[in-house]
Amino acid sequence: MSDALNFVKNIKVGINIGNTLDATNANLPRDAAPSAFETAWFNPVITEELVDSMLNSGFNLIRIPVSWSNHMGPEPDFLIEKSWMDRVQEVVDYVYKRNAYIILNLHHEDWNYPYYDNCEAACRKMKAVWSQICERFADYDEHLIFEAQNEPRKIGTELEWNGGDEEGWKVVNITNRAFLETVRAAGGHNSDRYLMIPGYAANCTVGIRHIEVPEDPKVMISVHAYEPYEFALQIPGRKTWNHDTAMIDSLMQSLKELFIDKGMPVIIGEFGAMNKEGNEDERAEWVKYFRAAAAGIGVPCVWWDNGLFEGEGELFGLFNRHDGSCAYPKLLAGLV
């Protein structure tokens, strides 16, 4: 049994604070105040009170998606703005000082597209960015998990969400390897830090079958799953779950056979079912089943909270970012 397979037993359930530190805005200068980027997608800045509310509600892991593209200087150093790194560290510390777990990643990047002709450049930037993150967080213990990248895929193509192709699979594996080598060569706790790597697009059907699994006892597989799609993610889709368990059951069986049975742990770093015309009861029943199915094979789940509650977008908001209150108590009860 790998070290990581034992490690994930410590994680009960997690939540993302999405659409905030991962927000991007090409119109802002690199040295703009961090808050200008953090609020670019209409969420308020992350507060310690919000983090405390999440942790006090029963979560013991918070995934902090971060975009670094708008904050990096030119080649060859790709230096990250100090003010941005300081702000990321401040938010990490909100969680870390509570002895909860954190996943810190690269999110919404525009340079890691998985094509052969981009592979070398992507690896250079991967190494440069993670070297700086490793240096800043070298003294943080196993509560801080690094995740190589988020949903690396061929954006804007018919392959984007369909599981990829051989080129995509190979380049994602190569960039994951660049991440792993960089972190392991860094100082402090990075040599034995727990790490996460995704397959193409973090895809939970085709992509997971093409992940190059490293011989490292502290590496975990990152998967995203919004299943069944028609209920969880599709717009308009359907608002009733109908106890449609087929895709959930199939996913868990695949994760068990591909990874768990071979001693390789998995974290479902994003999952959820969006609000559709007040269908909280349906979502609460769905999440109980999903969580139980994942727990049955030892896989922790991390809810995707993007702070959205109204409009025509993907309404995955759970906690009010302004006062820390939970908008859907039945759903929360099913989660935790």
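Mentor: Helices here are DSSP runs of at least four residues, numbered from the N terminus. The model is predicted.

Trainee: What makes the stretch holding Lys125 a helix, and which one is it?

Mentor: Lys125 sits in helix 5, residues 116-136. A run of at least four residues is needed, so this stretch qualifies.

Trainee: Why is Lys125 said to have no salt bridge?

Mentor: The nearest side chain of opposite charge is Asp110, 5.5 Å away.

Trainee: Which residues is Lys125 in contact with, leaving aside neighbours within four places in sequence?

Mentor: Met72, Phe78 and Trp111. Contact means heavy atoms within 4.5 Å.

Trainee: Why does Thr20 count as buried?

Mentor: Its relative accessibility is 0%. The cut-off for buried is under 20%, so Thr20 is buried.

Trainee: Where does Thr20 lie, and what does Thr20 touch?

Mentor: Thr20 is in the loop between strand 1 (14-16) and helix 2 (34-38). Beyond four places in sequence, Thr20 touches Phe37, Glu38, Asn43, Pro44, Ile46 and Arg321.

Trainee: How many residues line the largest pocket, and which lie nearest its centre?

Mentor: The lining has 34 residues. Nearest the centre are Glu151, Arg153, Trp161, Tyr226 and Leu233. The space in this pocket is about 820 Å³.

Trainee: What makes a lining residue nonpolar, polar or charged, and how does this lining divide?

Mentor: Residue type decides; Trp and Leu count as nonpolar, Glu and Arg as charged. The lining divides into 16 nonpolar, 11 polar and seven charged residues.

Definitions and conventions:
Residues numbered from 1 in each chain as written. Predicted model: local features only at pLDDT ≥ 70, side-chain atom pairs only at ≥ 80, totals over all residues. Heavy atoms only, no water. Helix = DSSP H or I, 4+ residues; strand = E, 2+ residues; numbered from the N terminus. Buried < 20%, exposed > 50% of the residue type's maximum accessible area, 1.4 Å probe, protein only. Lys, Arg positive; Asp, Glu negative; His and termini not counted. Salt bridge = Lys/Arg side-chain N within 4 Å of Asp/Glu carboxyl O. 1 Å grid on protein atoms, 1.4 Å probe; cavity = no way out; pocket = protein on both sides within 12 Å on 5 of 7 lines; lining within 4 Å. Points joined across faces, edges and corners; volume = space filled by probe spheres on them.
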